[in-house]
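Work through the exercises below with the sequence and the structure open beside you. Try each task before reading its solution.

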Amino acid sequence: MDNQSRQLLFDQVKKWILEAGGHIRDAIDEPLYIDTKSNPNDLVTQMDRNTEEYFAKKIRGKYPNHLILSEEGFGDEVESLDGTIWIIDPIDGTMNFVHQKRNFAISIGIYHDGIGEIAFIYNVMDDVLYSAQKGQGAFKNDKRLLSLENKVSLEESIVVLNSFWACENQVINEKKIQDLVKTVRGTRSFGSAALELAFVAEGIVDGYLTMKLAPWDIAAGAILVNEVGGITTKANGDPLNLLTNNTILSGNKQIHETISSQFVELKK
Ligand code: 2AM
Ligand code: CA
Ligand code: CA
Ligand code: CA
């Protein structure tokens, strides 16, 4: 994608995401209709669906050749990363949205032939917009984010980790995760993968390890982290596959290398 096309697209996405966020803020105290999906804790509301439908209509109206890969069913059956693909999570952190009415985000990553071109993560209630364009750095509102410092030791780092993975589980050796918890300065869990990746890019946490995320959870965040010199891969260091679920390890390069080589032992 050339710089001018990317900039035009970027400006359009920015307008739409701010508008969609405004709609959510305006309706934040209206009654929610909450359904469950794969299990009783897997929530979805009319706001998730309405927001995704808003983007799908706008995109199909203006960019009929683009494809949409999204969570709530308004997107396309995307089977390859060829062409221009919008990877959208209309509300990332639905549990936070329902229980806290804050700490959730709209996440949009735009990929062209598999290359991350544009990223937006919008913390709706705080009105904080993280954004990036390929090769041009990352921003928090109008402020450019600094390059990640690679010399932070694990002992002085804060790592985002859901405590679930330190409990007995089928996916990762929990003893090693317990070692990680004991080694780092602190752990955090914010309940929105998109915001957690944005926090890695902002440098307010140093790493993020989790075992199951969908493409729309990570598409924008991986671009943001990349633009500040960090790295996002599967937990074992393999490249991400944006067409399937992934395990995730993100952070500055040093923390990434230390965690993946010393603390990640997958069970299968
Ligand atoms: P969501 O709110 O859009 O569903 C919560 O720790 C994070 O994990 C959120 O980003 C949440 O996204 C995501 N998440 C929740 N359930 C998931 C699942 N079954 N697969 C992948 N990601 C999930
Ligand atoms: Ca969900
Ligand atoms: Ca999500
Ligand atoms: Ca979602």
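**Exercise 1: Strand β12 and its partners**

Task: How many bridges join strand β10 to β12, and do the two run parallel or antiparallel?

Solution. The model is a predicted one.

Step 1. Find strand β10 at residues 158–161; three bridges join this strand to β12, and the two run parallel. One pair to look for is Val159, which stands opposite Gly207 in β12.

Step 2. Go on to strand β14, residues 246–251. Thr210 has Ile248 in β14 as its bridge partner.

Step 3. Check how covered β12 is. The strand spans residues 207–213, and six of its seven residues are buried. A residue counts as buried if 20 or more other C-beta atoms lie within 10 Å of its own.

**Exercise 2: The sheet of seven strands**

Task: What is the order of the strands in the open sheet of seven strands, and why is one side of β3 and of β9 left without a neighbour in the sheet?

Solution. Step 1. Read off the order, which is β3-β4-β5-β6-β7-β8-β9; the pairing is mixed.

Step 1. Look at the edges, where β3 (67–70) and β9 (143–144) stand. Each has a single partner strand, so one side of each has no neighbour in the sheet.

Step 2. Examine the pairing of β3 with strand β4 (residues 84–92): it is parallel and has four bridges. Within it, Leu67 has Ile85 in β4 as its bridge partner.

Step 3. Helix α2, residues 46–62, lies across β3, β4 and β5 (105–112), and runs at about 155 degrees to β4. Helix α6 (residues 215–227) also packs on the sheet and touches β3, β4, β5, β6, β7 and β8, with a direction about 105 degrees from that of β6.

**Exercise 3: Two domains**

Task: Which residues form domain 1 and domain 2, and how many residues does the contact take from each?

Solution. Step 1. The domain assignment gives 3–144 as domain 1 and 154–262 as domain 2. Their centres, taken over C-alpha atoms, are 21 Å apart.

Step 1. The contact takes 29 residues from domain 1 and 24 residues from domain 2.

Step 2. On the domain 1 side, the elements that give two or more residues are β3, β4, α3 (94–100), β5, β6, β7 and β8.

Step 3. Sorted by class, that side of domain 1 has 16 nonpolar, nine polar and four charged residues.

Key: Residues numbered from 1 in each chain as written. Chains lettered and ligands numbered in written order. Predicted model: local features only at pLDDT ≥ 70, side-chain atom pairs only at ≥ 80, totals over all residues. Buried ≥ 20, exposed ≤ 12 C-beta atoms within 10 Å, placed from the backbone. Pairing = 2+ DSSP bridges. Contact = placed C-beta atoms within 7 Å. Axes fitted to C-alpha atoms, helices over the stretch in contact; angles between N-to-C directions. Domains from an automatic or database assignment. Nonpolar A, V, L, I, M, F, W, Y, C, P; charged D, E, K, R; others polar.
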